[in-house]
Amino acid sequence: MNIDGKNILVTGGAGFIGSHLVDLLMREGCRVRVLDSLVNGKLENLDRHKNSTKFEFIRGDIRKPATFTSAMENTEVVFHLACLGVRHSIKHPFENQRVNAEGTFLVLKQAHKAGVKKFIYCSSSEVYGSAEHVPMSEAHPTRPCTIYGASKLAGEAYTRAFYTTYGVNTVIVRLFNTYGPRSHHEHNVGELIPKSIVRALNGKPVLLFGDGSQTRDFTYVEDSAKSLVEAARCDDALGQTFNVGSDFEIAIEEVAKLILKITGSSTQIEHDKNRPGDISRLHADSTAFRKLTGWVPKISFEEGLTRTFRWFNSRPEELSVLLGQEKGINWE
Ligand SMILES: NC(=O)c1ccc[n+]([C@@H]2O[C@H](COP(=O)([O-])OP(=O)(O)OC[C@H]3O[C@@H](n4cnc5c(N)ncnc54)[C@H](O)[C@@H]3O)[C@@H](O)[C@H]2O)c1
């Protein structure tokens, strides 16, 4: 499917990954509508598009049907990214599953009603739980450790059901960990890399929860956003579920060391208690997606970390303000 010039709806488009996806779609000449409640998204992420006639922002909640009257109008392709995060799910499990699971059901229902041509569901490696073997292909068992992972998996199940029962043209993309400019350092959405950069830039120790041996598979955000676009373009992907990662495993202790090197910080790494439900190992096998679509990640981990560091370092806010928003233990 050629998506150039199409009418696109991006739920969660004011968020971290969503706003990079919007940048890419706008570059491809699409007409882009964003639906976001701004609970964690920021309008400044979309600033560069606000005067474009091809761009529209709707502030609304995916759980409210009235939201969709204008949001789905003439929409041809939906990228569904709106969600609440893993740390939020620890303290607010009910709300988390309502947005991530039921919310996904509601977006699918509205997309079906509107007769959209494609629906891309942005899922997560959290649906797997911890790796039982590596690398992890799509055949790896899905045994999520958190309500977040379980709710993302429920969203997948609804997506498949709309494909098989109602013929909605869906593709599920399981992104592994994503990082880059606009990633969250703040309160309960704060992630390892942005939190650590903000702490290091302020001369505070980098904080790891657990012994630091947990591994992840990180992809730079522009590469992740590109994978979602490739999923929409590829008609052979319909009805399928794909892993998207760098297929490169790294321990978070090593990530912290790299951040200290890149930021030039002489602070230390400190360890604190484990996060409940934390996953010990993730290592993607994205072969199926790469073969089908030709997608390959372009940005190396060191290059991506350097770009992320530069972005935080150039923020107009004082670094101390960013530090004040960073909560250390951020799930309680
Ligand atoms: N960041 C990662 O490492 C990662 C990894 C795998 C998958 N994902 C997936 O990518 C997607 C985007 O994640 P992100 O990291 O950009 O997070 P994010 O929090 O920056 O983006 C989510 C957006 O959804 C919006 N939102 C939340 N609840 C809403 C509601 N009820 N109605 C409307 N909008 C709502 C938020 O305001 C936010 O802008 C999610 O679906 C997530 O599961 C992220």
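A residue counts as buried if 20 or more other C-beta atoms lie within 10 Å of its own, as exposed if 12 or fewer do, and as partly exposed in between, with C-beta atoms placed from the backbone. This is a predicted model, in which local features need pLDDT of at least 70 and side-chain atom pairs count only at pLDDT 80 or more, while totals for chains, interfaces and linings use all residues. Residue numbers start from 1 along each chain as its sequence is written.

**View 1. Arg48 in the loop between S2 and S3.** Arg48 lies between strand S2 (31-36) and strand S3 (55-59); helices (H or I, at least four residues) and strands (E, at least two) are DSSP runs, numbered from the N terminus. Because Arg48 has 13 C-beta neighbours inside 10 Å, Arg48 is classed as partly exposed. Asp23 is 25 residues away along the chain, and its C-alpha atom is 8.7 Å from that of Arg48.

**View 2. The shell around the ligand.** The shell holds 29 residues, of which Gly12, Gly15, Phe16, Gly41 and Ser124 come nearest; a residue is near a molecule or strand if its C-beta atom, placed from the backbone, lies within 6 Å of it. Helix H1 (16-27), helix H4 (93-114) and strand S5 (118-124) each contribute at least two residues, and H1 gives the most, with 3 residues. By type, the shell has 14 nonpolar, 11 polar and 4 charged residues. Here Ala, Val, Leu, Ile, Met, Phe, Trp, Tyr, Cys and Pro count as nonpolar, Asp, Glu, Lys and Arg as charged, and the others, Gly among them, as polar.

**View 3. Strand S4 and its partners S1 and S5.** Strand S1 (residues 7-11) runs parallel to S4 and is joined to S4 by 4 bridges; strands pair if DSSP finds at least two bridges between them. Leu9 has Val78 of S4 as its bridge partner. S4 and S5 also run parallel, with 4 bridges, and Phe79 is partnered by Ile120 in S5. In a regular strand the side chains alternate between the two faces of the sheet. In S4 (residues 77-80), Val77 and Phe79 point one way and Val78 and His80 the other, and all are buried.

**View 4. The contact between domain 1 and domain 2.** Domain 1 covers 7-178 + 219-244, and domain 2 covers 181-216 + 249-281 + 300-325; these bounds come from an automatic or database domain assignment. Taken over C-alpha atoms, the domain centres are 25 Å apart. The contact takes 16 residues from domain 1 and 13 residues from domain 2, where two residues are in contact if their C-beta atoms, placed from the backbone, lie within 7 Å. On the domain 1 side, H1 and helix H3 (86-91) each supply at least two residues, and the largest share, 3 residues, comes from H3. That side divides into 6 nonpolar, 9 polar and 1 charged.

**View 5. Backbone geometry at Pro135, Asn74 and His187.** Most residues other than glycine have a negative phi, and most peptide bonds are trans. Val134 and Pro135 are joined by a cis peptide bond, with omega about -10 degrees; Pro135 sits in the loop between S5 and helix H5 (147-166). Asn74, in the loop between helix H2 (68-71) and S4, has a positive phi of about 65 degrees. Asn74 is exposed, with 12 other C-beta atoms within 10 Å. His187 has a positive phi near 20 degrees and lies in the loop between strand S7 (178-179) and helix H6 (192-201). His187 is partly exposed, with 13 other C-beta atoms within 10 Å.
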